Amino acid sequence: MRRLRAFGESFHPLGLAFAVLFYTWSMSPSLLPRWWVFQGVASAISMAIGYGLGCLAAWAVRKCGYSFTFHPRVRQVGWTVLGLTAVIVIPIFAVLGSWWQENIREIVGAPSEGRPMYIPLILIAVSVAVLLVLAGRLIRLGTRSLAHFLDRFVPLPTARLASLVVVIVLAVFVIDGAVQRGVVGIAEQSAAIADESTAPDVVQPVEPERSGSPDSLQDWDTLGREGRTFVAGGPRADDISAVTGRPAVTPIRVYAGRLAADDVEETARLVVDELERTGGFDRSVLAIATTTGRGWVNANVAASLEYLSDGDSAIASMQYSFLPSALSFVADRLTPQEAGRALFDAVYERWRDLPEDDRPKLLVFGESLGSFGGQSAFSGGYDMMARTDGALWVGTPNFSEQWSMLTASRDRGSPEVLPVIANGAHIRFASDPEDLDGPGLTNDWPAPRIVYWQHASDPIVWWSFDLLLSRPDWLEEPLSPRLEPGVRWIPFVTFWQVTLDMVFSTDVPSGHGHTYGPEATEMWAAILDGAPDGTERSRGEIAAIREALTSR
């Protein structure tokens, strides 16, 4: 008991008070529901940060010349009050956190988690927080030991500064070199092996309109797992006619895998060769799709365009990496940009050579890293409008330059979650299809039409290092009804909450988080027809296409 008490008193009381405060903040609602284990981790990180800030505040007070000495009785009372506060507050906020999580699940339509795991959550939070604090103490001990050694050769202030620099350099080397590169290298090797597999029920296409078919210039085995899924999927002519009631042709889907060439420029040229072979430049609609990390294309976005164009379309895409999107998101943001530019430039160069009155409508789209990479082909919104006939950018990451510039230049009074750009003359943001005809938007929407499709609860869109210390506009403005009313910005805490939200961003129903589904039909209908509600097509047709996408 004495040892346990001594261990507890080895922690600074102000640091512990801050840790409890940050724990309560960490239980506040965020964008999406979280598994209780991850809530425990989020709380642990927040508690460790709170403890560090409390110790930093005490250190700053001492450096200012203030020193407090308390009578042992007062110290005992203080520790008792702090302990009782923790014993009362920590369980209460575990219950409140569970209640908030259930509210979020109800908002997004996710199933209830069931009986709350209060005690395991608290144990994870406290245990991991203690481990993090102890790790910090080890680093501090190493810094002091190094400074003590250097003090033999240089003045103490210089020794302390030098030891701090050494520790920082070593930390950067370990994280960026040994850990990040090692993890990424192992993950890429594993992903390359997994890429050789084929998803269940995916069969090599026989239609000449598809890459990987017997007529294709691209071998089926080189397309990668996601590429094979893409070219084998989607509707054929009969599927489209059954839904629209009109004659249709089989859509063209061309693709080149990571194994097909040595670099992205050569891979892009192979895609153009496939477009030439299949007659993609003779279709009425030609769409360029930039993929996510491993080569994934959103099936709803691709198929809805094919239904709406009666199959008279060609979609061109390619794989540029083996890495899963989560790792590409952190470790490799250059390759998606290079791939997006290479693919668009290669297709655009050939498309531009066609007679102006005999060109297909040129569209671009991408989701997540695909949106980030695809937009990299353009210098800005005006360039996008000048060189395309429309675009659909889905779940764009916060660090995307084009998205950031447009959002920052939004019309005065429009919210960050749904910016209005020049009264919506060409570029519009939407969470739901009806947002394409929302407040502040002009009734006239001439081509080219560009849509940024993003959800208020999508952590991929809102994650940024700025969340650590800066309140974003989307949390200063009136909250979206798609968010729990209790969502607030809290320094440090909100950053880790949104970071962990990304883990579950696709584990929610369509219309929330990073899950974008059959609503793509209305988005494409608006881009193709210029009617936000799809009135240039029958509402029955739109509904039939959405039902077909849902049932696939």
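Reader: Which residues form a nonpolar patch on the surface?

Author: Happy to start there! This is a predicted model, and in it L84, V87, I88, I92, L96 and W99 form the patch, with about 590 Å² of accessible area together. One of these residues, V87, sits in helix 4, which covers residues 72-108.

Reader: Why is V87 called exposed?

Author: Let's set its value against the cut-off. The relative accessible area of V87 is 58%.

Reader: How much of the chain is buried?

Author: Of the 552 residues in the chain, 51% are buried. A residue gets that name when its relative accessible area is under 20%.

Reader: Which residues have the most contacts inside the largest nonpolar core?

Author: They are F365, L392, Y452 and W524, in a core of 105 residues. Helix 12 (residues 334-352) gives this core its largest share, eight residues. A second, separate core has 19 residues, including V20, A48, A125 and V133.

Reader: What makes a residue count as touching Y452, and which ones do?

Author: A contact needs heavy atoms within 4.5 Å. Leaving out residues up to four places away in sequence, Y452 touches Q375, M384, W393, T396, Q402, W403, L406, I427, R428, F429 and A430.

Reader: What does the secondary structure of the chain come to?

Author: The chain has 20 helices and seven strands. Among its contacts between residues at least 6 apart in sequence, 74% join residues at least 24 apart.

Terms used:
Residues are numbered from 1 along each chain as its sequence is written. This is a predicted model: local features need pLDDT of at least 70, side-chain atom pairs count only at pLDDT 80 or more; totals for chains, interfaces and linings use all residues. Side-chain values use heavy atoms; hydrogens and water are left out. Patches are made of residues with over 30% relative accessible area and no salt bridge: like charges are joined within 9 Å, nonpolar side chains (Val, Leu, Ile, Met, Phe, Trp, Tyr) within 5 Å. Accessible areas come from the Shrake-Rupley method with a 1.4 Å probe; for residues, only the protein chains shown count as cover. A salt bridge is a side-chain nitrogen of Lys or Arg within 4 Å of a carboxyl oxygen of Asp or Glu. Helices (H or I, at least four residues) and strands (E, at least two) are DSSP runs, numbered from the N terminus. Buried means under 20% relative accessible area, exposed over 50%, partly exposed in between (1.4 Å probe, protein chains only). A nonpolar core is a set of buried Ala, Val, Leu, Ile, Met, Phe, Trp, Tyr and Cys residues joined through side-chain atoms within 4.5 Å.
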